[in-house]
Amino acid sequence: MPFPEGVYGLLAEFDSATSLVAAADAAYKDGWRRLDCYTPYACEEAAEAIGFHRNYVPLITLVGGLMGCFAMFLLETWINVWAYPLNIAGRPYYSWPAFVVPAYEWTILWAGLTSAFGMLAMCGLPAPYHPLFNAPNFRTGATTDKFFLCLEARDPKFSPTESRAFLEAMKPVSIVEVEY
């Protein structure tokens, strides 16, 4: 059944992290795949409950660090060998031991910058608008003391009545229909 036009999903509010994790685990085991948890602090159990296992930040950091190291070695080689070669005490133009320290510094710089910007991009930030901002209880408590589970309407299992009944069985504090 296609989801109703203009509906993003159903948002259930819970009073504790343990009840949120139990509800998220039950939803994932029931076959929901388009769901998300929102907590005021990091809750690893909630991420595990909804099946979040992929994390590409370490890979992005490695690639950024390797690119920084390669870029600095290439820059120093170009400067010292082709662009502005200097004969200092008969040393060779390409003296790679002198390139190690700046290349290491660029490795650290590029790894840090790519991990920071990569994390922001993967999180979809900055997000000036999200449909959940329309829910009044989410606006007032998502960052302070409330725990939320959102079942998105894009999920094939979504049905307005059956999804609400499923969430009501979890005993949430409230259930809100979120519109776009």
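## Pockets

A pocket here is an open set of grid points where a 1.4 Å probe fits, with protein on both sides within 12 Å along at least five of seven lines. In this predicted model, the largest pocket has a volume of about 1400 Å³. Its lining is made up of 34 residues, and those nearest the centre are Asp36, Cys37, Phe52, Met122 and Cys123. Sorted by class, the lining of the largest pocket holds 21 nonpolar, 6 polar and 7 charged residues.

The second largest pocket has a volume of about 230 Å³. Residues that line this second pocket include Ile79, Asn80, Tyr84, Leu86, Ile88 and Arg91, and also among them are Pro92, Tyr93, Ser95, Ala98 and Phe99. Its lining counts 8 nonpolar, 2 polar and 1 charged residues.

## The nonpolar cores

The largest nonpolar core has 24 residues, and the members that touch the most others are Phe14, Trp32, Leu35, Cys37, Leu149, Leu151 and Leu167. Strands β1 (7-14), β2 (35-38) and β3 (147-152) are among the elements that each supply at least two residues of this core, as are helices α1 (17-29), α2 (44-49) and α6 (160-168). Helix α1 makes the largest share of the core, at 6 residues.

Leaving aside residues up to four places away in sequence, Leu151 touches Tyr8, Gly9, Leu10, Ala27, Trp32, Arg34 and Leu35, among others. Also among its contacts are Phe158, Ser163, Phe166 and Leu167. Another core, of 10 residues, lies apart from the largest one; Tyr38, Phe148, Cys150 and Val178 are among its members.

## Helix α3

At 1.5 Å a residue, its 27 residues should span 39 Å, and the end C-alpha atoms are 36 Å apart, so the two values agree.

The buried residues in α3 are Gly64, Gly65, Gly68, Ala71, Met72, Glu76 and Thr77. An α-helix has 3.6 residues a turn, so residues three or four places apart point the same way. What do the buried residues of α3 pack against? Their partner is α4 (100-123).

Key:
Residues numbered from 1 in each chain as written. Predicted model: local features only at pLDDT ≥ 70, side-chain atom pairs only at ≥ 80, totals over all residues. Heavy atoms only, no water. Helix = DSSP H or I, 4+ residues; strand = E, 2+ residues; numbered from the N terminus. Expected span 1.5 Å × (residues − 1). Buried < 20%, exposed > 50% of the residue type's maximum accessible area, 1.4 Å probe, protein only. Contact = heavy atoms within 4.5 Å. Core = buried A, V, L, I, M, F, W, Y, C linked by side-chain atoms within 4.5 Å. 1 Å grid on protein atoms, 1.4 Å probe; cavity = no way out; pocket = protein on both sides within 12 Å on 5 of 7 lines; lining within 4 Å. Points joined across faces, edges and corners; volume = space filled by probe spheres on them. Nonpolar A, V, L, I, M, F, W, Y, C, P; charged D, E, K, R; others polar.
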